[in-house]
Amino acid sequence: MAEPKVVYLIRHGQTGHNHRGIIQGRYINSKLSKKGFLQAEAFYNAYKDVPFEKVYTSTLLRTKQTVKQFIEAGLPTEQLPGFDEICWGESEGLFANGDNNKQYHETISNWKSGKLHHRIAGGETPIDVQLRQEQALKYIATQPEKLVLVCMHGRALKILLAWISGMSLKEMDKFHHDNLSLYILQYDNGWSILKNDDREHLQNLPGK
């Protein structure tokens, strides 16, 4: 019997856009804030001795910056577009609570009511994101490494956790996580969640 595969799955560190409440999405390639780099360092210090065999990121800078210390320590890395954040279309770059961005909240409300084919103009649906995530996780499942680290994005992470749990995507907001939250997944002829939204490594950050 094949040995189960374990995936440490994290959301990237805080960006300036996160701090200001600006929607990033797939085509806003923002950088980590000072706090984001501190979060990344805290995660590295807590988990640098875990014998990861590889690091996977999305194609966006904020995920690569989050795991930079692991890569600099010599771990091989690969970018998978399947782990990119959802594309928010016309809402990308706008304040989430801005008066000119009502379609963002209307879209989330539609998703919660089960209208999963609804999208912001120019954006993706949760179903679109699930399809590319399925390809990314299928790829990881077929690779020889048994213990890997994956860094991805907030909304995309909600989508992934919902479908691997067998939930409808309309329930994705039942998952709550912050920047640099950790989940641990296991693959053994199917995905399961071993650890949920662990933030212990962030407890001693300055200014907390």
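**Exercise 1.** Is Cys87 buried or exposed, and what is its relative accessibility?

*Solution.* A residue is buried under 20% relative accessible area, exposed over 50% and partly exposed in between (1.4 Å probe, protein chains only). Cys87 comes out at 7%, so Cys87 is buried.

A word on the model: it's predicted, so local features need pLDDT of at least 70 and side-chain atom pairs count only at pLDDT 80 or more, while totals for chains, interfaces and linings use all residues. Residues are numbered from 1 along each chain as its sequence is written, and side-chain values use heavy atoms, with hydrogens and water left out.

**Exercise 2.** Work out how many disulfides there are.

*Solution.* A disulfide needs two cysteine sulfur atoms within 2.5 Å. For Cys87, the closest cysteine sulfur sits in Cys151, 19 Å away, so that's too far for a bond. The count is zero disulfides. Cys151 is buried too, at 0% relative accessibility.

**Exercise 3.** Describe the surroundings of Lys195.

*Solution.* Start with its place: Lys195 lies in strand S6, residues 191-198 (strands are DSSP E runs of at least two residues, helices H or I runs of at least four, both numbered from the N terminus). Then look for contacts, meaning heavy atoms within 4.5 Å. Skipping neighbours within four places in sequence, Lys195 touches Leu182, Tyr183 and Ile184.
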